[in-house]
Amino acid sequence: MSCACEPEPEVARSLSWREATYRFGPLRNALLAGLLLGTGLLLELLDAPEAVPVAAFLAAIPVGAWYFAQEGWEEFVEEREVGIEALMLIAAAGAMVFGLFEEAAALVFLYSLAEAIEELTFARTRSAIRELLDLAPKQARRLVDGREETLSAEALRVGDRFLVRPGEALPTDGVIRDGRSTLNEAPVTGESVPVEKGPGQEVFAGTVNGERALEVEVSRAYADNTLQRIVHLVEEAQSQKSRAQRFVDRFATRYSPAVLAAGVLVAVVPPLLGGDWTDWALRGVTVLVAGAPCALVMSVPVAAAAAITRAGRDGILIKGGLQLEALGRIEAVCFDKTGTLTKGTPQVTDVVVLDGHDERRAIELAAAVEARSEHPLAQAVVAYARERGVEPAPAADFEALVGHGASARVNGSEVWVGSPQLVGQRAAELPAQADLQHLQDEGKTVVFVGEGDRALGMLALRDEPRPEAAGAIHQLRRLGVRHISMLTGDNERTARAIASQLGLDEVFAELKPEDKVAQVKRLQERHGAVAMVGDGINDAPALATADLGIAMGTGGTDAAIEAADVALMADDITKVAEALRLGRRATRISRQNLIFSVLLLAVLIPSAVVGLLTVVIAVTVHEVAELLAVGNGVRAAQRPPRLAPAGA
C-alpha cells in the first residue's frame with residue numbers, strides 16, 4: 001500500500017523540499033492538483049460560467065490521482081488486493097457521479113498531498129543515514145616512493161598508503177603506519193570524545209584527524225569501508241518488519257475490502273428499506289474515505305525507520321524491526337565480564353612493600369624481570385612501572401618458572417617475581433599473610449617480587465571495571481531493567497568482587513559456553529525477555545540464545561557485527577542503555593500511533609454512517625490524522641536525552 005511504500009529509487013539521499021518539489025513526482029502532481037482546485041474555487045467566487053470551474057476540478061482529479069491510481073491498479077492486478085488507493089478512487093468516482101466535482105477534486109488533492117508528504121518524509125527519514133557517506137572525502141593523497149599524488153578515493157587499493165593531514169577526514173579504513181594523533185570517531189562509533197591512536201592501530205573512514213599528520217595503509221577499499229557497511233546494514237535493517245508491523249499489514253489487506261463492502265452496504269441496504277438513494281449513496285462514499293486505514297498502516301514503519309536511522313548515526317547498528325521491537329521489551333540484561341564490564345587487560349592496582357623496603361626499587365626490579373616475559377600480567381607490571389617513570393633495568397639469565405613466575409639476574413643479584421607459592425620456595429620468611437588475604441578477597445591476583453631470599457613487596461593486579469561500567473548499570477536500572485547479572489568463565493572470587501563493585505544482582509562464574517546458554521534460558525524463565533551483552537564471537541551461543549544479543553566494540557569487526565542482533569561500534573558500555581532507550585521510545589511512539597489510529601477509525605466510520613460527515617470533512621480529518629501519525633513517528637529519530645549519572 002502506498003501508505004507504507006518504499007522511497008522512489010531516485011531519492012537516494014536526503015532531499016531538500018525545493019528539490020523534492022521538482023524531482024519527486026507525487027508531490028509535484030499533488031501541488032499542481034491543488035493549484036487547479038484553487039483555480040476552480042476562485043472561478044466560482046468570480047461567478048464564472050459553471051462549466052469553467054468544473055473543467056478545472058475535472059483536470060485536477062487525474063493529475064492528483066496519477067501516481068496513487070497506478071499503485072492501486074498494480075496492487076489489484078499483481079496481488080489481487082483492494083488497497084487504500086482503490087477506496088479513494090472509488091470514493092472520488094462516486095462523488096463525480098453525483099455531480100460533486102469540487103468534492104472529488106478536494107478528495108484527490110488532499111489524499112495525494114498527504115501521500116506525497118508522507119512518502120517524502122519516509123524517504124528522507126530512511127535515507128538520512130546516507131549523509132554519513134559525505135563525511136569521507138572523495139579524494140586521497142596516496143604516497144608513492146615518498147611522493148604525494150592526489151587521486152579519487154575509489155582508486156585506493158588494499159596495501160596503498162595515504163597521507164592524512166591535521167583537520168582532514170580519512171577517505172577509507174586503514175592501519176596507521178607512521179605518526180600519532182587524536183581522531184574524532186563520532187561518525188563510526190557515536191562517541192564524540194577524540195581517541196588517541198598510533199602505529200599499528202586501526203582507523204576508520206570519515207573519522208577526522210586531530211593535530212598531527214598520519215601515514216595510513218589501506219585495509220579496506222573505499223566501497224567496503226566502515227561507513228559504507230554501516231549505511232548498508234542500516235538500510236537493510238529498515239526493510240525488515242517487526243511483528244507489530246507485519247500484523248498491521250496483514251490486518252490492512254483484510255480490512256480495506258471490508259471497508260469497501262461496508263460502503264456498498266451503506267449505499268444499497270437503507271434505500272432498499274425506503275431510504276433516499278442519493279443521501280445513502282453519499283454516505284457510502286464517505287464511509288470509504290473515513291474508513292481508509294492510512295494512519296494505521298503508517299503507525300509502525302515510520303517510527304521504526306526513524307529509530308534505526310538515529311541508532312546508526314550514533315554507532316548502534318540494529319539489525320531490523322524485530323530487533324528494535326525486542327529492545328523495547330527487555331526486562332533483564334546479562335553481561336560477559338572480560339572486555340565487556342572490564343577493560344579486558346590486567347592492571348596493577350596495589351603495591352605493598354614489606355619490611356620497609358623502597359617501593360620504587362621493588363617496582364624497578366619487578367619490571368626488570370617481567371620485561372623479558374610475554375605474559376599479560378608481566379606486561380601489566382612493565383606498563384605500570386613506565387607510567388611512573390621507572391624504566392626496567394637490564395636483566396640477564398632470564399628463566400620462566402612454569403606455573404609460578406620468572407627469575408633473572410639484575411645488577412648481579414638474583415631477582416624473582418611470582419605467585420605466593422613461589423614465596424614459600426624462595427623467601428626465608430613468609431610475608432604479610434593478612435595483606436595477601438585481603439587483596440585476594442578483592443578478586444586480585446597477587447605477585448611477589450624478591451631479591452635472593454628476601455621478599456621485597458607485593459603487586460596486586462586485576463582486570464579493572466571500565467570507568468563507565470557503574471554508570472551504565474545505573475542507567476539500565478533507571479530505565480526499569482529488573483535484573484542485571486554477570487556470566488563469566490573467570491573464577492568465582494574475582495567475578496564476585498567485580499560484581500559487588502558494580503552493584504550487579506547476580507553472578508554466574510566459571511562457566512563454559514554451554515553453561516552460559518543454560519543460564520540465559522533460566523533467566524528468561526524467571527524474568528522474561530533477556531539481552532546478552534558480549535564480544536559477539538566468544539559469547540556467540542549465549543548471544544544467539546538470548547532474546548537480544550548485543551555485541552560491543554565491533555568497529556571494523558565483520559564477524560561480531562554478523563553475530564549479534566545489535567552491534568555497538570564503540571567500545572562503550574553506556575551504549576547498551578542508549579540502545580534500550582531508543583527501542584522503548586520507538587515502541588511507545590508506535591503504540592501511541594496505533595491507539596490514535598484505531599480510535600480515529602472508531603469515531604469516523606460511525607459518523608460517516610449516520611451522516612455527520614461530508615466527503616471533504618472526512619478526507620480532511622483523515623489526511624491530517626495520517627500526517628500527525630507520520631510526524632509522531634519521526635520523533636523516534638530525535639536523540640533521546642541522556643540519563644543522569646549515578647549520584648546526580
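**Close-up views of a predicted model**

**View 1. A92 in helix 4.** A92 lies in helix 4, which runs over residues 84-97, and the model in which it is seen here is a predicted one. With a relative accessible area of 3%, A92 is buried, because that value is under the 20% cut-off. Leaving aside residues up to four places away in sequence, A92 touches A104, L107 and V108. A92 and V615 are 523 residues apart in sequence, yet their C-alpha atoms are 9.1 Å apart in space.

**View 2. Helix 24, the element that holds V615.** Helix 24 covers residues 615-634 and has 20 residues. From its first C-alpha to its last, helix 24 reaches 29 Å, which is close to the 28 Å expected at 1.5 Å a residue. In general, an α-helix has 3.6 residues a turn, so residues three or four places apart point the same way.

**View 3. Helix 4 beside helix 8.** The axes of helix 4 and helix 8 come within 9 Å and cross at roughly 20°. Because angles under 35 degrees count as roughly parallel, helix 4 and helix 8 are roughly parallel to each other. Their crossing is left-handed, and the meeting residues are I84, L87 and I90 in helix 4 with S256, V259 and L260 in helix 8. The residues of this contact divide into five nonpolar, one polar and no charged.

**View 4. Helix 8 against helix 9.** Helix 8 (residues 243-272) and helix 9 (residues 277-291) pack with their axes 8 Å apart and at an angle of about 165°. That angle makes helix 8 roughly antiparallel to helix 9, and helix 8 passes helix 9 in a right-handed crossing. On the side of helix 8, the contact is made by Y255, V259, L260, A262, G263, V266, A267, V268, P270, P271 and L272. On the side of helix 9, the contact is made by W277, W280, A281, R283, G284, V287, L288 and G291. The residues of this contact divide into 15 nonpolar, three polar and one charged.

View 5. The buried residues are W280, A281, R283, G284, V285, T286, V287, L288, V289, A290 and G291.

View 6. D397 is found in strand 13, which covers residues 396-401, and has a phi near 55°, a positive value in a residue other than glycine. At 58% relative accessibility, D397 counts as exposed, because exposed means over 50%. N411 lies in the loop between strand 14 (405-410) and strand 15 (413-418). Although N411 is not a glycine, its phi is positive, at about 55°, and at 67% relative accessibility N411 counts as exposed.

**View 7. The whole chain, for orientation.** The chain has 24 helices and 22 strands, and 51% of its 648 residues count as buried. Among the contacts in the chain with a separation of 6 or more, 69% are accounted for by residues 24 or more positions apart.

Conventions:
Residues numbered from 1 in each chain as written. Predicted model: local features only at pLDDT ≥ 70, side-chain atom pairs only at ≥ 80, totals over all residues. Heavy atoms only, no water. Helix = DSSP H or I, 4+ residues; strand = E, 2+ residues; numbered from the N terminus. Expected span 1.5 Å × (residues − 1). Axes fitted to C-alpha atoms, helices over the stretch in contact; angles between N-to-C directions. Parallel < 35°, antiparallel > 145°, perpendicular 65-115°, else oblique. Left-handed = near helix turned anticlockwise from the far one by under 90°. Contact = heavy atoms within 4.5 Å. Nonpolar A, V, L, I, M, F, W, Y, C, P; charged D, E, K, R; others polar. Buried < 20%, exposed > 50% of the residue type's maximum accessible area, 1.4 Å probe, protein only.
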